[in-house]
Every structure is written in C-alpha cells, then in structure tokens.
Amino acid sequence: MSQTLQAVRGMNDILPDDAETWEYFEDIVRDWLQSYGYRPIRMPLVEPTPLFKRAIGEVTDIVEKEMYSFEDALNGEHLTLRPEGTASCVRAAIQHNLVASGGPQRLYYYGPMFRHERPQKGRYRQFHQIGVEALGFAGPDTDAELILMCARLWEDLGLEDVALEINSLGAPDERAAHRAALIAYLEQHQDKLDEDGKRRLYTNPLRILDTKNPDLQAIVEAAPKLADYLGEASKAHFEAVQVFLKDAGIPYRINHRLVRGLDYYNRTVFEWVTTRLGAQGTICAGGRYDGLVEQLGGKPQPAAGFAIGIERLLLLWKECGGEAERPVADAYVVHMGDAAARVAFRAAEALREHGFAAILHCGGGSFKSQMKKADGSGAPVAVVIGEDEALAGEVGIKPLRGPGGQQRVSLEALPEAMAALLYGNEEEGAE
C-alpha cells in the first residue's frame, strides 16, 4: 500500500471555510488600498538569488539560513523563492521604468512568501503578505501616511491591543558612525555575548540590539543609541513624522532598539505589535529604504513601504471577534426525473443570466435528501422541478428562510418571480 502524501511541513492548505474568510478579508484590503490611491502589481514567485543577497544583505538571517534557493537544472541559473516582496517590487519598477516614465508610484501586492524557519502559530514556511510600496516619495508625509493607513485598517477590522513602535535609523554615514561605536562597546562585553551575538558582532551588530535573550537585556539597554548619532536632517525628518502622527491622534512609542532585520532600511522604521499572539507579536512592519533603488541598479529614488503578515493578522482579527460573512447562493435547484433535469439546467442558467447565484443539484437523490441539501446550503429559495412542472414548462419556488408557501411560475417568469420574492418591489435583479 502506497504512503499517503502530505503537504510540506509549514506549507498549509487553506480549506473552503477558511478560504472564504481570506477572500472576505481580501475584499476589505483591496477597498482600503484603493481608497489611498494604491494600484496592484504582481511579481513572480521566483527571482534571481543575487536580488535578495544584494537587497536584504548577505549577513541577515533571511539570506544566511532561511531562503529556499536552488540551481535551475535546465540553465544553471541560481534562483530563490521570494522571502519578501520589496526587492521584487523594486526590481520590477526598475526593469519596466515605472518611476522614470510614470512618476512616483503607489503600489501594492499580495501573495505567498517563503522562508525556511521553524513553523509556529501564525508563522509558516509558506506565508502570505500584503506589501505596500511608495516609490519616488521623499518626504516625512509619506512615512506618516503609511503608518496612518495601517491604523485605518486596524479600525476597519475592529482590532484591539495593537501598538505602534517607531525609530529612526538615520542616513548611512550616521549608521556607520554608530556601528563603530556599538562594536567598540560590545567588544568590552564580548565574553557575555551568546553565540548569535558573537557571530553578528562584526557583521551585523545592530541586530544584537534586537535580541530576545534575557541575559543580554542589560547590556543592550546600555549600548550606544543610534539617536545620538543622527544629523540635523535625519532628526528633522523623524520629528516631522511624529508631528503628523500626533495631529492624527495616533499613539506611539519610540523604541531605540527597533532596527528591522533587513539591511536596506534608513530613516523611519516602524512596527505594529500585539500582545495577543504570544512571542511573535509583530503583525506589520516597514519603513523608508531610500538607497535600495540605486543599490539594485536603478536611478536614485526615495522609497518607503510596509508588509503585513496575513496569517497573523487573521489570527488577531478572530481573537478580536472578527468573522467573515459566509457567501450563500440565492437559489438551490432541486429536480427529479430526466425531463426535470433538463429544465433544471435551463432554470439555473436563466437565474445566473439575471444576476442570481444558483446551485444546481447534481448526483441524484430523493426529493427529501435534495431539500435537506438545499436547506443546508443557506440559500433563501429552493427552485423545485418535478415531472409535472417539467411537462408544463414551469418551476416551483419555495422560500426556505421566511414565510410563504411554494408557488409555480413559468420558466420564463422565474427571474422576475425570484426578484419579487427576494427584493419585494425592487427592480428585477440582484442589485
């Protein structure tokens, strides 16, 4: 007996009940993004490996140990399943001259990302993100609007216990000066660093500040702060972002240890966090990445954006009482006999042609079993066709959710009768 095949660990099936919730959520998200003038872009799932090494940084966790990379057996190319979307989006914008030819771009994308890490609640090897990228916008107003967009979505979803943390990473030269001071400071405590800290000391010391190791908290708390190395322009930019947030009534906390795990960030960075999902409490993160377009071969362009983890956001939404409306058909078509089956096909198509959703019963069964399925479908109306109705060119209409008995109408009058039953005196059609 052959072994039953299973999905790859950490890559999950989304079954119909959950998939309907996802689609309901996606509709909310699309309306939200369009209300801010963002347009969709779709990039490939697979990109050249050098794209992510150059954009994210060779000594980041993602590039060092999380990427699904492989050599294409057909042509020897080194390829990677995308671990995040910003690098792909910027690559596409450069390749197709989007900003150069069309001016600044407000773009969004939605889809699966891939990272080889230990699966846990809301965090999987194939996970899904909404990515929002504002390309060609330099000012603090863009940073603030990205944060305000998130606050608007949380309000639309009715989320609770979501807090905003912000920081400024300054300009590259300011980070370099801070990095040198940080390394000098950490060298004095090298014997107390854990293995991860020792490994990162000279390659990515900023990430040591983000450690969750309780034994290192006192050391990192006393470490040199990047804020003390910011120049006037970086300080003014960060202060302007805060003014916009205060004007909008958005509470926030400045977290000097917020550095983000990707090398391309500069100036404003932010995270939206919650205490409701355990240790993995970040549901959205982003910031400014002005150098990335040039780094990937394009003409220098300012840019900023954020990404939302869909699995974690949906978990939080359900925790806060969120529930999707289950889509139901307007009618379930029940039939008995060969002639009735042929009329049933015509009846179902006539309903669909007039804007109604109709489920045609397939697979046979008694009237009783079919009516049970009609009731279980959630449809408000059953369209019933037996041999008598079929011979007369008529159908029965039976309300399943409200008062009223079954009535018979001609096949031609079915859409109008359905409209009258579902919408009263409104015009025919499912408006």
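Is Gly-85 buried or exposed? In this predicted model, Gly-85 has a relative accessibility of 2% and therefore counts as buried, the cut-off being under 20%. Gly-85 lies in the loop that joins β4 (78-81) to α4 (86-95). When residues up to four places away in sequence are not counted, Gly-85 touches Met-43, Tyr-109, Met-113, Gln-129 and Glu-133.

Glu-133 belongs to strand β6 (residues 126-135). With a relative accessibility of 1%, Glu-133 also falls under the 20% cut-off and so counts as buried. Apart from neighbours within four places in sequence, the residues in contact with Glu-133 include Gly-85, Thr-86 and Cys-89. Among its other contacts are Tyr-38, Gln-105, Arg-106, Leu-107 and Tyr-109, as well as Tyr-289, Ala-304, Gly-305 and Phe-306. In an unreviewed UniProt entry, Gly-85 and Glu-133 are both listed under "binding site".

Two packed helices are described by the angle between their axes and the distance between the axes. Helix α13 (residues 338-353) packs with helix α16 (residues 414-423) at an angle of about 60°, and the axes are 9 Å apart. The two helices are therefore oblique to each other. The crossing of α13 and α16 is right-handed. On the α13 side, the contact is made by Ala-347, Ala-350 and Leu-351, and on the α16 side by Leu-414, Pro-415 and Met-418. By class, this contact of α13 with α16 has six nonpolar residues, with no polar and no charged ones.

Technical notes:
Residues are numbered from 1 along each chain as its sequence is written. This is a predicted model: local features need pLDDT of at least 70, side-chain atom pairs count only at pLDDT 80 or more; totals for chains, interfaces and linings use all residues. Side-chain values use heavy atoms; hydrogens and water are left out. Axes are lines fitted to C-alpha atoms, for helices over the stretch in contact, and angles run from 0 to 180 degrees between N-to-C directions. Helices (H or I, at least four residues) and strands (E, at least two) are DSSP runs, numbered from the N terminus. Angles under 35 degrees count as roughly parallel, over 145 as roughly antiparallel, 65 to 115 as roughly perpendicular and the rest as oblique. A crossing is left-handed if the near helix is turned anticlockwise from the far one by less than a right angle, and right-handed if clockwise. Contact means heavy atoms within 4.5 Å. Ala, Val, Leu, Ile, Met, Phe, Trp, Tyr, Cys and Pro count as nonpolar, Asp, Glu, Lys and Arg as charged, and the others, Gly among them, as polar. UniProt positions are given in the numbering used here, feature names are shortened, and annotations may be inferred rather than shown by experiment. Buried means under 20% relative accessible area, exposed over 50%, partly exposed in between (1.4 Å probe, protein chains only).
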